[in-house]
Structure formats: structure tokens, C-alpha cells
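Visitor: Hi! Could you walk me through this model? I'd like to ask things as they come up.

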Amino acid sequence: MSRRYVNQLSHGDSVDEAFLVADKQLRANRQGNLYLQLELRDKTGSVGARLWNATEELARTFEPGDFLLVRGKTQIFQGSLQIILTHIDVLGADRVEPEDFLPQSSQNVAKLYARLRELLLAMHEPHLRALVECFLIDEEFVAKFTAAPAGIKNHHAYQGGLLEHVVTMLNVADRILEFYPEVDRDLLLTGVFLHDIGKTAELSYDRAFAYTDEGQLVGHLVMGVELLRDKVERTEDLTGEPFPNELLLRLKHMIVSHHGALEYGSPKLPMTLEAVALHYLDNLDAKIHTFGREIRDDPVRESTWTPFQQSLGRRLFKGTPARAAGDSADDA
């Protein structure tokens, strides 16, 4: 029997389906009664859910990353779809199809990876090319890099999302660099490739998307610099030559400054041409992806605007909804 996915749910639907628990919080309402606030996920997206009159004993029976069979009914609350639950059962992993639950890139991962290699291995600077090759011959790193999301809830939050994000940035850089001849092409492409490598260890993504302990305590900027330093040592072993110190400094700077602002987590502001180019490429792809997702996934199809997006600080204009089939201008 085929399942109903999150992106097929609408207001007033009855739900009797299995989902992965992405987040779980046991809360108390104003009267002190406990309820469960959940984020439920499948491969098409996530939906909030509430179970009233919950107990601590029930909350202890499952954790994020577990599967639940839930029953309830959907409703629109403050512009977002949620499920009001009436019953939940914990499911063993052997009773579900794992590929139904983790969102994945809609693009072909093998083709994305082939494009990544095409662009990076065409570089001419010998030390940068050798460095990139050290990453690409590391099968464990490649497996993580091609499977990782770029984030948990923000842009490209699905398996293969990090690879998709990086390849899009590489493609954009490849097309615009002719207009900026003063930017070092090979350095920028390498920085694009490396800027989020720390996310391969910052995030866990085998089942539910979450931060690892090291990811929470250290973060992907520092972890990225550590991965870079390790691969530079391996590069020197392979080539028998020292890696140029200034080149390494420039790469480190690109990683730690790519968020572009101190309040966004970068310990340093971009201070080189390649670093500032990297920041704006990263921000461009992240913002366009996020805006597009919020417009596309808004469950209220009839509205010309999305609900207020807290993370963006604004509502987004969707335009006039498409007229129903059979309608015409003459119907007015």
C-alpha cells in the first residue's frame, strides 16, 4: 500500500502513517498539563505535530531518529500545517522502508560528483590540484561529502544537499570569473569546495539530521580548518614539496570568513578578493534556495503570500495562484 508523504498533506486530512521523529520536546501548557511537540519527517519534508495530555513515560519510549506510526488530523496553525495527534506507536526500523524518510537531493548525485571532479581537476595551480586530489582519493571523505546535507533545517537540508550546494556555487563561479580577472580562479574554486567540508563531521545524517557532539562544541568552521590541515600534510607527503604557507593561510581565511559577518559565526570578516567572492556565492545560493523552498512548500495554496518567515524576517510574495482548470477570463 502506498504511503502519503508530507508534501501530500493538506488542511483537514486524517493521518494514519509512519514518520521519522526529527525533534521531540515535552512541554507544559498554561494549566501545567504536559504535551508532546514533535517534528515529523519523511523524504519530502517535515511537519509539526502535537499530542495533548502526554506523559513523561510516553516521552521516554522514543527519541529523535526513531520511527512512529501516528494517527491524527491536520490543521493550519499560524500559517503552517501541523498534525494534532490522537495516537502514536513506536515502530522498529525493520518495519519501515528507510529511503522513505530522509529527504534526498532531486538531482543525480553521480552527475553532480562528476561535475565537481571535472571543474576541480581542471585547475592548473599544482599545489591546489594536489590538495583537491588528496580529498577526492579519500573514499571515506567522498562518501560523507556526497551524502551530507548542507544544513539541518535551512538551505539544502537533505542528503546530497552539501554536494548540490557546492556544485551550484562552482558552476556560478565558472560562469562569472571572466568578468573578474583579478580573482584567482583556482583559489576561489578550491575555497568553494572546502568552505563547508567541516559539515561532513559537524552533522549526523544516517537517520535524523542532527549535530554531533563535536559539531555542537566546535562547529564546522574550525572543523573545516582541521580537515584542511590534515590533508595539506598528506599532500606534502605525496608531492614531496612543502605547501606554500601563504596559500594555506588564504584557504584557512576563506573557510573561517565565509559566513561574512561576525554575528553569523565567522570569527573574521572576508579580507581577500577570493574570500569575499566566496561569501557572496555562498549567500546567493543559500538565499535563493531558501526563498524558493518557502514559496514552493507553502501549504496554503490559495494565498498570494507565505506566512511570516521568522528566519528571513519577512513574508514572501508567491504571486496570484493559478486559476483552476476550466476557468477562463470570460467567467468573470
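This is a predicted model: local features need pLDDT of at least 70, side-chain atom pairs count only at pLDDT 80 or more; totals for chains, interfaces and linings use all residues.

Visitor: At what angle do helix H10 and H11 pack?
Guide: Helix H10, residues 245–257, packs on H11 at about 30°, and their axes are 9 Å apart.

Visitor: Which residues make the contact?
Guide: On the H10 side they are Arg250, His253, Met254 and Ser257, and on the H11 side Glu274, Ala275 and Leu278. By class, the contact of H10 with H11 has three nonpolar, two polar and two charged residues.

Visitor: And H5 with H11, what's the angle there?
Guide: About 125°, with the axes of the two helices 10 Å apart. Helix H5 covers residues 161–176 and helix H11 covers residues 273–297. H5 and H11 are therefore oblique to each other. The handedness of the H5 and H11 crossing is right-handed.

Visitor: Who touches whom in that one?
Guide: H5 brings His165, Thr168, Met169, Val172, Ala173 and Ile176, while H11 brings Leu278, Leu281, Asp282, Asp285 and Ala286. Sorted by class, the H5 contact with H11 has seven nonpolar residues, two polar ones and two charged ones. Leu278 of H11 is listed in this contact and also in the one with H10.

Visitor: Switching to the strands. Which strands close into a barrel, and in what order?
Guide: Five of them do, in the order E1-E2-E3-E5-E4, with mixed pairing. On average, neighbouring strands of this sheet are turned by 50° against each other, ignoring direction.

Visitor: Remind me, what holds strands together in general?
Guide: Strands of a sheet pair through backbone hydrogen bonds, in either a parallel or an antiparallel way.

Visitor: How many bridges does E1 share with E4?
Guide: Seven, again in the antiparallel sense, with strand E4 covering residues 67–77. Ser14 has Lys73 as its bridge partner in E4.

Visitor: Where does the parallel sense come in?
Guide: Strand E3, residues 45–52, pairs in the parallel sense with strand E5, residues 80–91, over four bridges. Within that pairing, Arg50 has Ile84 as its bridge partner in E5.

Visitor: I'm curious about Leu9. Where is Leu9, and is it buried or exposed?
Guide: Leu9 lies in the segment before strand E1, which spans 14–28. Leu9 is buried: its relative accessible area is 9%, and the cut-off for buried is under 20%.

Visitor: What is Leu9 in contact with?
Guide: Setting aside neighbours within four places in sequence, Leu9 is in contact with Arg4, Val15, Thr74, Leu81 and Ile83. Of these, Thr74 is 65 residues from Leu9 in sequence, yet their C-alpha atoms are 7.6 Å apart in space.

Visitor: Back to backbone angles. Which residue other than glycine has phi near 55°?
Guide: That's Asn53, with a positive phi. Asn53 is in the loop between E3 and helix H1, 56–59. Asn53 is exposed, with a relative accessible area of 67%.

Visitor: What about His156, buried or exposed?
Guide: His156 is buried, at 1% relative accessibility. His156 also has a positive phi, about 50°, although it is not a glycine. The place of His156 is the loop between helix H4, 139–147, and H5.

Visitor: Last one: what are the overall figures for the chain?
Guide: The chain has eleven helices and seven strands. Of its 332 residues, 46% are buried. The C-alpha atoms fill a box of roughly 65 × 60 × 40 Å along the principal axes. Among contacts between residues at least 6 apart in sequence, 58% join residues at least 24 apart.

Conventions
Residues are numbered from 1 along each chain as its sequence is written. Side-chain values use heavy atoms; hydrogens and water are left out. Buried means under 20% relative accessible area, exposed over 50%, partly exposed in between (1.4 Å probe, protein chains only). Contact means heavy atoms within 4.5 Å. Axes are lines fitted to C-alpha atoms, for helices over the stretch in contact, and angles run from 0 to 180 degrees between N-to-C directions. Angles under 35 degrees count as roughly parallel, over 145 as roughly antiparallel, 65 to 115 as roughly perpendicular and the rest as oblique. A crossing is left-handed if the near helix is turned anticlockwise from the far one by less than a right angle, and right-handed if clockwise. Ala, Val, Leu, Ile, Met, Phe, Trp, Tyr, Cys and Pro count as nonpolar, Asp, Glu, Lys and Arg as charged, and the others, Gly among them, as polar. Two strands pair if DSSP finds at least two bridges between them.
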